[in-house]
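Hi there,

I am passing a structure on to you, with a few notes on its backbone. Have it open while you read.

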Amino acid sequence: MAAAAPTSSSSTVLKRSSFSNSPKLLSRFTVPFPHNPQKPTAGVISHRRPLQISNVISSPKEQVHHEEAFVSRFAADEPRKGCDVLVEALEREGVTDVFAYPGGASMEIHQALTRSKIIRNVLPRHEQGGVFAAEGYARASGLPGVCIATSGPGATNLVSGLADALLDSVPLVAITGQVPRRMIGTDAFQETPIVEVTRSITKHNYLVLDVEDIPRVVKEAFFIARSGRPGPVLIDVPKDIQQQMVVPNWNQPMRLAGYLSRLPRPPSAMLLEQIVRLISESKKPVLYVGGGCLNSSEELRRFVEFTGIPVASTLMGLGSYPCSDEEFALQMLGMHGTVYANYAVDKSDLLLAFGVRFDDRVTGKLEAFASRAKIVHIDIDSAEIGKNKQPHVSICADMKLALQGLNLILEEMRKGGKINLDFSAWRQELKEQKMNFPLSFKTFEDAIPPQYAIQTLDELTGGNAIISTGVGQHQMWAAQFYKYNKPRQWLTSGGLGAMGFGLPAAIGAAVARPDAVVVDIDGDGSFIMNVQELATIRVENLPVKIMLLNNQHLGMVVQWEDRFYKANRAHTYLGNPSKESEIFPDMLKFAEACDIPAARVTKKDDLRAAIQKMLDTPGPYLLDVIVPHQEHVLPMIPSGGAFKDVITDGDGRIKY
């Protein structure tokens, strides 16, 4: 059966059965798939994606989708290969870009892609680059990213990206070729049971065993990927299915009765009123917002206007509320969050946890986290509520609808004079914390502080660039010192912490948002893990700027060595030990090999002009910024610690 649970599960797609969903059952839901006429009619093929679906069960009267009919390049009764059906199914979902690397088991799909006038393939140079690029595309646009790989090693190279997408709730559809059906289970050349391998790191997955199921499977995959809590879906397609001739039925209903029944309902008005009452009774409320608020930033801003409650963001939630708002924004909380954000949570009497999962890097010691506060938790995934921290009031709902409901109640109460919220004394207390414990850094002679490099980039781009990162110290500094004012500006591997994410994610962002300035702030360790994607950037002529904070070390691990292991270096030096005075490897030569302009800057006084030149140069550019390896990311709450354990000073120049 193809019924999908919100948690990981998988399906083997067999011959269509007679017990598929009835039209009556499906008519209860707003399903974003156009009705496609059997006979092609004259008209323009729509390149637009279907309108975004709602994440909750709703009445058909509430939402009406007006969509253009899709015009196929095949006659209605014309047989075509399964691979052509697959590609047309992607076109019908509004896909315009895929990140696909060919191989023996996926050749047919690539042949079909060459016949498509709608879909462009951006050829990565490694499958991991492809899946991270698809993630970057999805994170920057909010639309599902699509990547395609061959069987065996091609499919297994997608694993890190699928795990990353699941942990960070990124809508993704990954398609893999598979050996022919008769060879499955025989240890054939380049055979891996990728459905089994990815079962626990996908939201759902499919092995297609009937060519007639392709239209339904693709329809379901996109629906699952972007509805409820978004996530990755994998479709495994055997090569003989890709080659088989068929006349597709585009009007097959989805078979997701179980999944649809578990999508959250609209939030209860009674519970929303209870939350408003808690707000009115509180003296020190704090908003703790995460990735679940990225699609409801306007509603969040309005809520803050109504209530005057200060906002602390998780790493994933950066940009959902403008970081440059000095009055209400507390920046990031957690292990490397600001002192004032963590102070606010520690002293709060009401914690409004919106679209978050109480991750260990945010909470530290769970018993000490927000120990004085009543906790309100709103999240679209029921599995997250009460998983780590028990809330006093919880709602399982789409964050956008919950905030709209809260704003409506607050607006009506304000008009009727029933509520008058004033948290100015609390905000003043937090302003004093900001004055006493600002984000800061030290400068040593003419060396370039990495924090200063990011601050300068923020100034020169007006805070409007899309920023991707690898994982490590540079990632935390990019979260702290770049002020994100809009959602989908900040692309980073949060839950999985996958090094090598930054460069391919920037590729995906540049494809999704060709009008935007895209900068990969990377570390030398992360950058080299997917350095081959420089070739893709050059060939596609993508205007990706790379600001490489090069300290010749695995910086974050070095910081932990300094703090907790008496600075004993255990394989964290990434340079050449026999030539420590030289920069190794020479990143400029990687750029030169791929015909990408590049420069190196070593002195603070030269930095601003070097960054400006990077931004002014058309097309891609690599700037190698040499920074000291002794710098530490501060503040820091040690793993498992509480706010009282926060570290605010020191670096690798001091012995601990």
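In which loop is Pro585 found? Pro585 sits in the loop between α22 (555–564) and α23 (587–593). Please keep in mind that this is a predicted model.

Why pick out that proline? Most peptide bonds are trans, and most residues other than glycine have a negative phi. The bond that joins Phe584 and Pro585, however, is cis, with an omega of about -10°. A cis peptide bond also runs from Leu634 to Pro635, and its omega is near 0°. To find Pro635, go to the segment after β21 (621–626).

Next, the phi angles. Phe358 is not a glycine, yet its phi is positive, at about 50°. You will find Phe358 in the loop between β13 (350–354) and α14 (360–363). Glu445, another residue other than glycine, has a positive phi as well, near 50°. Its place is the loop between α16 (424–436) and α17 (450–461).

Glu445 has a relative accessibility of 79%; exposed means over 50%, so Glu445 counts as exposed.

Happy exploring, and write back with any questions!

Best wishes

Technical notes:
Residues are numbered from 1 along each chain as its sequence is written. This is a predicted model: local features need pLDDT of at least 70, side-chain atom pairs count only at pLDDT 80 or more; totals for chains, interfaces and linings use all residues. Side-chain values use heavy atoms; hydrogens and water are left out. Helices (H or I, at least four residues) and strands (E, at least two) are DSSP runs, numbered from the N terminus. Buried means under 20% relative accessible area, exposed over 50%, partly exposed in between (1.4 Å probe, protein chains only).
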